[in-house]
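Please look over the sequence and model below before reading the briefing. The points that follow are grouped by topic.

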Amino acid sequence: MGRERWRALGSALWRSVAVWLVSTLTMLALAGILPDFQLQSDNGDSATRIASTAALGAGAFGLLSSLVWPLLVRALLLVPALVLGLLAFFLNGSLLLLALSLIPDGRGEANAETAVVVAAVMSAVASATGGALAVRDDDAYRRRLYRLADRRRRHLAEGRVGPVPPGTVFIQLDGVGHDVLLTAVDKGLMPTLALWLGGDGAPTHRITRWRTDWSSQTGASQLGILHGSNHDVPAFRWYEKDTGEVMVSNRPASAVELQRRAIERTGDGGLLTLDGASRGNLFSGGAEQIALVLSMAARRGKDNRSRAGYFAYFSDPANAVRTALSFVAEVGREIGESTRARIRRRRPRVGRGGLYPFIRAFATVVERDVVVAAVIGDMLAGRAAVYADLVAYDEVAHHSGPTGSDTEKVLQRLDRSLALIAKVAEHAPRAYRIVVLSDHGQSPGETFHARYGLTLTNLVRAGCGLPVPRKAQRTHSGAEARSTVRAALRRPVEEGAGEHRPARRAEPIVLASGNLGLVSFPDVPHRMTREEMDRRHPALLPTLANHPGIGFLLVRSQERGPVVLGARGSEVYLDEDPADLGPLADFGPGAAEAVRRTDGFPHVADIMVNSWYDPQEGEVLAFEEQIGSHGGLGGAQSHPFLLSPLVLSPPVGDEEELVGAEWVHEVLRRWLGEYQGPEIPLVGGATTAADDSRDEDADGTAFTAADPAAQDKAH
């Protein structure tokens, strides 16, 4: 045991010396290139003196980065998380200036701008060198993981009779449809999943397609999956007449209320109540360990731990610089891709300017890196259940379309994240079963506005006989990543996104959720019936039902209950078990039942509007500015996937179809109970996510969950 300790210490010392030497050479090279950066006195120095100055500067910078940086990041947790990532360059520059000031005789000198550049280059070079050396030293890498896992394994075994049961990691690939995933696997874009599905031998996982509720969006699906109920979630956003408020699934105040309602309805805290962790989700699932959870972002004070994952990740300066550089590269990539799309006049196309390149970079780089690092920390801490959401694909697909080169690149990077998680699972203190799933898919198609030159709001106003503006205003996208960014910036979710609030209460409120529209009359306290609407606005329902961009309407008849209206006078009364489904027939099996269920929600809109759908091409028309959309019925948006290990029981029987997020919750809960999972609480108490994602090795060196060596080895 003593020999192992000395070997580990020697290996760590060798890597530290190598990184120091490379940093010294880098500093010398930069001093020769940058005119405002010098390592000698004004009178000149010998080459030996300059080299020693560089060595002292590199050593001081390395020590300050290791000792001071974590303290700076912890102090700056009060700063918005996205700003913290961008501050990485300036903080590193400040540390370099401090390091240069420690060199005797004032031989090190640089202005502030040059210090930022030098510090960024040195951190990147040091990170790459350390990672490369660690990858080459397989024995040291394995010993490091084994020691950390062994300590955690002994902790988990305290007071327990029998072996430690396996844990379960659920990774949600937001918005990735069942067919999109299989196509990516067939193209070789996702080799990790291909391997699991038996691409090079016997499969270890099975894939199951499931069907969402009518509201095919993250708010409804994830609430049902994590908390067992998505009752009364008719859309991504909807108007509640009893409170006069617009509920928005990705608004922190709405998310915490939706979670409260689900817990009250089920009487259960959620899927992750027992030794669970929730990372990057809209809802907590009842987990004690949370990071980047939107329903917790509404809390103030010490109870708000939703941003704890930022410290665990950015406390390593190499992580901060690497993510910041990747962030800048992703912004440039998006600007280049959108420019090419405009030059080639691709159709359909939506605007991708303004802040969107930064929102995309946050979703595809910052959020991914931080969430994956938090998951790795949870696994090395031995948590029983972890649920994490990666939103990268969903955000890009909204603006680039569900298929194409843009989304393929995102899927490749997501597969590499899964490979890294699988690699860490091999060294975790307990066995892990990795389940990958999605909450919905996405359906392609141009926007309603692009095809017809008017918005749904304008069409409703025309049907009501109200004035319509000459120039139709676009309905902005309400993609999930926008709320994540705004929560990270500590700014409220944008009011009015995707909604029309009337100037007078007698005018309708029109909301958009992908290709699902909602129309409510705020001056009527109850749900307005078909008969009442016909008396008040006789042209409204015929105008909507006969428009070529509308697939069907749902309203309630005072005499005959829920009725679906289509073009040319088509009517389907859902309570009368119709043989002819009319306009619902094109939307596939289960459409009538999904619509009937939504009709029973207390806060369903006066008029529910589902867009046109082409069953041959799978296209819909989004009422928002999205060319890949979800939220209603029609096409791939209603068909996500569930990929599970074969050691777990099948989700459903051979002849059954998995329908609805609440049923998915029951399947996941059953899996957690197999092999006596988290039903047996762990002994010894819980630790914080930040503490668990960073631990100390026996040789005294720190191991970070997002170790670049681990990422390199996974690739």
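**Salt bridges, sheets and local features**

Arg352 has a relative accessibility of 8% and therefore counts as buried, the cut-off being under 20%. The model is a predicted one. Its salt bridges number 33.

- Arg352 forms a salt bridge with Glu334, with an N to O distance of 2.8 Å.
- This pair links distant parts of the chain, since Arg352 is in the loop between H13 and H14 and Glu334 is in helix H13, 18 residues apart.
- Glu334 has 0% relative accessibility and so counts as buried.
- Salt bridges with shared partners join Glu330, Arg333, Glu334, Glu337, Arg352, Arg360, Asp406, Lys409 and Arg413 into one network.

**Positive surface patch**

- Arg342, Arg345, Arg347 and Arg349 form a positive surface patch.
- Of these, Arg349 sits in the loop that runs between helix H13 (317–343) and helix H14 (356–381).
- The relative accessibility of Arg349 is 32%, so this residue counts as partly exposed.

- Glu657 and Arg211 are joined by a salt bridge in which the closest N and O atoms are 2.9 Å apart.
- The two residues are 446 residues apart and link distant parts of the chain: Glu657 belongs to the loop between E22 and E23, and Arg211 to strand E4 (residues 205–211).
- Arg211 is buried at a relative accessible area of 12%, whereas Glu657 counts as partly exposed at 33% relative accessibility.
- A salt bridge also connects Asp606 with Lys241, where the closest N and O atoms are 3.0 Å apart.
- Asp606 is in the loop between helix H22 (591–599) and strand E18 (607–611), and Lys241 is in the loop between strand E5 (237–240) and strand E6 (245–248), so the bridge ties together parts 365 residues apart in sequence.
- Both Asp606 and Lys241 are buried.

**Eight-stranded sheet**

- An open sheet of eight strands has the order E8-E7-E9-E3-E10-E22-E4-E23, with mixed pairing.
- Strand E8 (289–291) and strand E23 (658–659) are at the edges with a single partner strand each, so one side of each has no neighbour in the sheet.
- Strand E10 (residues 432–437) and strand E22 (residues 641–645) run antiparallel and are joined by two bridges.
- Leu437 is opposite Leu642 in E22.

- Strand E16 (residues 561–565) is mostly covered, with five of its five residues buried.
- Strand E15 (residues 550–557) runs antiparallel to E16 and is joined to E16 by five bridges, with Arg556 opposite Pro562 in E16.
- The hairpin from E15 to E16 passes through three residues.
- On to strand E17 (residues 571–573), E16 makes three bridges, and the two strands run antiparallel.
- Leu565 is opposite Glu571 in E17.
- The hairpin of E16 and E17 has five residues between the strands, and Arg568 in the turn has a positive phi of about 55 degrees.

**Helix H18**

- Seven of the eight residues of helix H18 (residues 456–463) are buried, so the helix is mostly covered, with buried meaning under 20% relative accessible area.
- The buried residues are Leu456, Thr457, Asn458, Leu459, Val460, Arg461 and Gly463.

**Pro166**

- Pro166 is located in the loop between helix H6 (138–157) and strand E3 (167–173).
- With a relative accessibility of 17%, Pro166 counts as buried.
- Pro166 and Arg383 are 217 residues apart along the chain, and their C-alpha atoms are separated by 9.6 Å.

Terms used:
Residues numbered from 1 in each chain as written. Predicted model: local features only at pLDDT ≥ 70, side-chain atom pairs only at ≥ 80, totals over all residues. Heavy atoms only, no water. Patch = residues over 30% accessible without salt bridge, like charges linked within 9 Å, V, L, I, M, F, W, Y side chains within 5 Å. Areas by Shrake-Rupley, 256 points an atom, 1.4 Å probe, with all protein chains shown as cover. Salt bridge = Lys/Arg side-chain N within 4 Å of Asp/Glu carboxyl O. Lys, Arg positive; Asp, Glu negative; His and termini not counted. Charge placed at Lys NZ, Arg CZ, Asp CG, Glu CD. Helix = DSSP H or I, 4+ residues; strand = E, 2+ residues; numbered from the N terminus. Buried < 20%, exposed > 50% of the residue type's maximum accessible area, 1.4 Å probe, protein only. Pairing = 2+ DSSP bridges.
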